[in-house]
Amino acid sequence: MADVLQEIASNLYDGEDEEVAELVQEALDQGMDPGEILTSGLIAGMDEVGRDFKAGDLFVPEVLIAARAMRAGMGVLRPLLAEADVPSAGKYVIGTVQGDLHDIGKNLVKMMLEGAGFQTIDLGTGVKPDDFVAAVREHQPQLLGMSALLTTTMPGMKATIEALEEAGLRDAVKIMVGGAPVTAAFAEQIGADAYAPDAASAVDVARSLAE
Ligand code: B1M
């Protein structure tokens, strides 16, 4: 890997947002391909963050700071990526289910997905089943992710899957669920395609579902 790409990855890991933006610009000035900078610089750094977060060596604040550095780098790269037509890893609609306002974990999942090259459409919190359905109809994503932090709002996931079935859209999208009270058994019981226990695993699961 070119030195500047390694530097982007390690500065991103350390959450150095200004340095990441500068290094991305430096890589562009050296004539590097925007897709290469994204994959071997920014995403490589975020993958490392994901691995260490999963292993318990990094914690939520560090991941959020790394995600901020990722966004700084993406700010420089995004217009060029759009021009270069670099393919996204997939389109991902995400939201916290109806009645639930917790969004820290959902935002972390979203940031990690963006770090892995997914294009995300964030519906926010308290998302009603019909709003998930409308977003699937409008954006035609490969993936739909639902987050719930309350045992009382978990049924909103099942209601959303049923609403997608009723709308004839269930097979158009792969569904991932997560959040502290959610389990793999629950995911299976409600007919979701996958469960991810944390933000780093969500990236691995999304990548395998999008294949
Ligand atoms: Co709330 N709250 N809260 N709360 N809150 C919990 C969840 C609770 C466990 C606290 C407790 O009692 N010990 C409890 C739920 C009990 C239960 O249902 N079993 C609870 C309660 C009861 C409530 C209220 C009802 C309190 C009240 O008003 N009486 C109320 C409900 C409001 C509502 O939603 N309608 C409420 C409100 C709030 C605040 C607004 C104050 C605030 C939320 C702020 C916000 O999100 N913007 C809040 C907070 C911060 C928490 C705790 C303390 C922390 C949650 C959090 O952000 N964790 C929480 C107790 C706790 O967990 N210690 C608690 C950090 C975050 C990174 O983890 O969200 O689990 P998490 O996300 C992880 C994974 O779960 C996974 O990846 C993330 C990163 O690794 N993940 C996914 C998450 N979504 C995923 C989606 C995926 C895949 C993985 O695919 C799509």
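Is D3 buried or exposed? D3 is exposed, with a relative accessible area of 59%, where exposed means over 50%, buried under 20% and partly exposed in between (1.4 Å probe, protein chains only). The model is predicted: local features need pLDDT of at least 70, side-chain atom pairs count only at pLDDT 80 or more, and totals for chains, interfaces and linings use all residues. Residues are numbered from 1 along each chain as its sequence is written, and side-chain values use heavy atoms, with hydrogens and water left out.

D3 lies in helix α1; helices (H or I, at least four residues) and strands (E, at least two) are DSSP runs, numbered from the N terminus. Together with E7, D14, E16, E18, E19, E22, E26 and D29, D3 forms a negative surface patch. Such patches take residues with over 30% relative accessible area and no salt bridge, like charges being joined within 9 Å; a salt bridge is a side-chain nitrogen of Lys or Arg within 4 Å of a carboxyl oxygen of Asp or Glu. The largest share of the negative patch, five residues, is supplied by α2.

S147 sits in strand β3 (residues 143-147) and is buried, with a relative accessible area of 8%. S147 and I94 are 53 residues apart in sequence, yet their C-alpha atoms are 7.9 Å apart in space.

Key: Patches are made of residues with over 30% relative accessible area and no salt bridge: like charges are joined within 9 Å, nonpolar side chains (Val, Leu, Ile, Met, Phe, Trp, Tyr) within 5 Å. Accessible areas come from the Shrake-Rupley method with a 1.4 Å probe; for residues, only the protein chains shown count as cover. Lys and Arg count as positive and Asp and Glu as negative; His and the chain ends are not counted. The place of a charge is taken as NZ of Lys, CZ of Arg, CG of Asp or CD of Glu.
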